[in-house]
Amino acid sequence: MSAPHDLAPAKASQNLSFDELTQLLEKIFLRHGTSADVARTLALNCAGAERDGAHSHGVFRIPGYVSTLQSGWVNGQAIPLVEDVASGFVRVDAGNGFAQPALAAARALLVEKARSAGIAVLAIRNSHHFAALWPDVEPFAYEGLVALSVVNSMTCVVPHGADRPLFGTNPIAFAAPRAASDPIVFDLATSAIAHGDVQIAARKGERLATGMGVDSLGQPTEDPKAILEGGALLPFGGHKGSALSMMVELLAAALTGGNFSFEFDWSNHPGAKTPWTGQLLIVIDPSKAAGQSFAERSEELVRQMHGAGLKRLPGDRRHQQRAKSAAGGIELDAQTLDNLRALAGG
Ligand SMILES: NC(=O)C1=CN([C@@H]2O[C@H](COP(=O)(O)OP(=O)(O)OC[C@H]3O[C@@H](n4cnc5c(N)ncnc54)[C@H](OP(=O)(O)O)[C@@H]3O)[C@@H](O)[C@H]2O)C=CC1
Ligand SMILES: O=C(O)C1=NCCCC1
């Protein structure tokens with residue numbers, strides 16, 4: 001059936017290659033005041049999330065990056081200061097810039113320390129993390145290393161047993177090499193749902209599952225708008241997720257010198273969206289471990305899990321989406337692409 005005459009035909013979605021999307025995003029960041037290095041790092045990160053179907057932290061985030069840069073809340077030109085403080089400890093002051101360039105600046109030193117000492121810690125402070133966390137750990141596992149990272153975010157989660165929000169959605173990401181396949185990677189918010197997914201549900205007019213959040217009166221709600229407008233999220237798994245979220249606050253903020261999620265205040269920067277907090281990374285060289293190769297042991301664990309009936313490992317969905325994007329491009333709806341092109345200056 002053809003469209004009624006008074007309706008313009010809907011514009012078709014388009015598929016972009018990873019390079020095309022990266023270049024478009026790079027242009028947007030540059031146009032909004034970042035240095036070339038920062039633009040490249042953020043564009044690769046965000047395009048990678050979109051390519052892998054991590055939509056809550058893909059191009060959906062670009063307007064937030066732009067309004068944050070325009071508000072002056074974050075320094076898009078910051079040059080991270082890397083400090084070699086101990087045999088297994090690297091500190092970075094991100095200079096009120098984004099976390100990913102700070103990680104990039106310290107990465108080689110961190111890997112060198114992990115390989116010589118067996119383990120090394122990277123503590124990033126004074127930084128903004130507005131992205132998925134798996135891109136920060138996955139590359140280490142492709143180099144044969146085990147990596148764990150935590151980052152805190154902005155206050156929007158009520159600790160279990162408390163009656164007002166204090167924690168951020170505070171994700172934890174882990175990556176470990178496997179002998180015969182892509183690494184094992186998981187990356188999860190310690191809230192029952194990521195804040196980004198609440199925003200997406202609100203935009204689509206969808207309800208949430210029960211147990212994810214409360215309204216402004218502290219009453220359970222499935223309405224994402226009620227959560228966003230004065231309400232709050234809950235930790236996943238009650239007291240267990242709450243304990244993990246508390247751990248993230250301690251590791252990502254107290255141990256790095258960054259802000260707790262409740263400590264920063266962007267009210268003087270209208271449009272600011274990114275949390276000004278901290279990030280911790282722990283990298284382990286498993287070649288120092290006793291016994292059979294770690295990657296072989298990972299493989300054995302996965303074999304047993306599949307043997308026990310498991311169909312889907314964390315990361316499988318992302319890899320399937322990555323392969324699909326490599327074959328057919330990254331699909332963006334016409335409105336989103338128009339908006340991105342406008343932000344890039346046409
Ligand atoms: N920068 C920040 O401050 C914050 C960032 N975030 C980001 O938000 C993103 C989304 O987080 P969240 O919503 O908690 O993630 P999900 O709940 O969607 O997924 C969490 C993990 O579980 C895996 N998984 C999901 N479903 C299954 C299943 N049925 N069987 C096996 N494994 C499964 C996922 O793998 P797969 O990916 O393959 O589906 C993923 O590794 C993350 O990337 C996180 O880093 C969240 C909070 C704050
Ligand atoms: O989705 C989330 O939750 C967040 N993502 C980016 C930073 C703030 C919290």
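Select ligand 2 and its surroundings: His57, Arg61, His129, Phe130, Ser153, Met154, Thr169, Ala194, His195, Gly196 and Pro275 (a residue is near if one of its heavy atoms lies within 4 Å). This is a predicted model, in which local features need pLDDT of at least 70 and side-chain atom pairs count only at pLDDT 80 or more, while totals for chains, interfaces and linings use all residues. Residues are numbered from 1 along each chain as its sequence is written, chains are lettered from A and ligands numbered from 1 in the order in which they are written, and side-chain values use heavy atoms, without hydrogens and water.

Next, show the side chains of His57, Arg61 and Thr169. A polar atom of the His57 side chain is 2.8 Å from a nitrogen atom of ligand 2. For Arg61, a polar side-chain atom lies 3.0 Å from an oxygen atom of the ligand; for Thr169, the distance to an oxygen atom is 2.7 Å. The protein covers 94% of the 270 Å² of accessible area that ligand 2 has on its own (Shrake-Rupley method, 1.4 Å probe).

Now move to helix H9, residues 294–307 (a helix is a DSSP run of H or I, at least four residues, numbered from the N terminus). Colour Ala295, Ser298, Glu299 and Val302, the buried residues of H9 (under 20% relative accessible area; exposed is over 50%). Seen down the axis, these buried residues fall within an arc of 100 degrees, so they line one face of the helix. On the other side, Arg297 and Gly307 are exposed.

Finally, select Ser293, which caps the N-terminal end of H9 with a side-chain oxygen 3.3 Å from the backbone nitrogen of Ala295. Just after H9, Gly309 has a positive phi of about 110 degrees.

Technical notes:
Helices (H or I, at least four residues) and strands (E, at least two) are DSSP runs, numbered from the N terminus. The expected span of a helix is 1.5 Å times one less than its number of residues. Buried means under 20% relative accessible area, exposed over 50%, partly exposed in between (1.4 Å probe, protein chains only). The arc is that of the directions from the helix axis to the C-beta atoms. A polar contact is a pair of N or O atoms within 3.5 Å; within protein, one must be able to donate a hydrogen and the other to accept it, and residues adjacent in sequence count only if both atoms are side-chain atoms.
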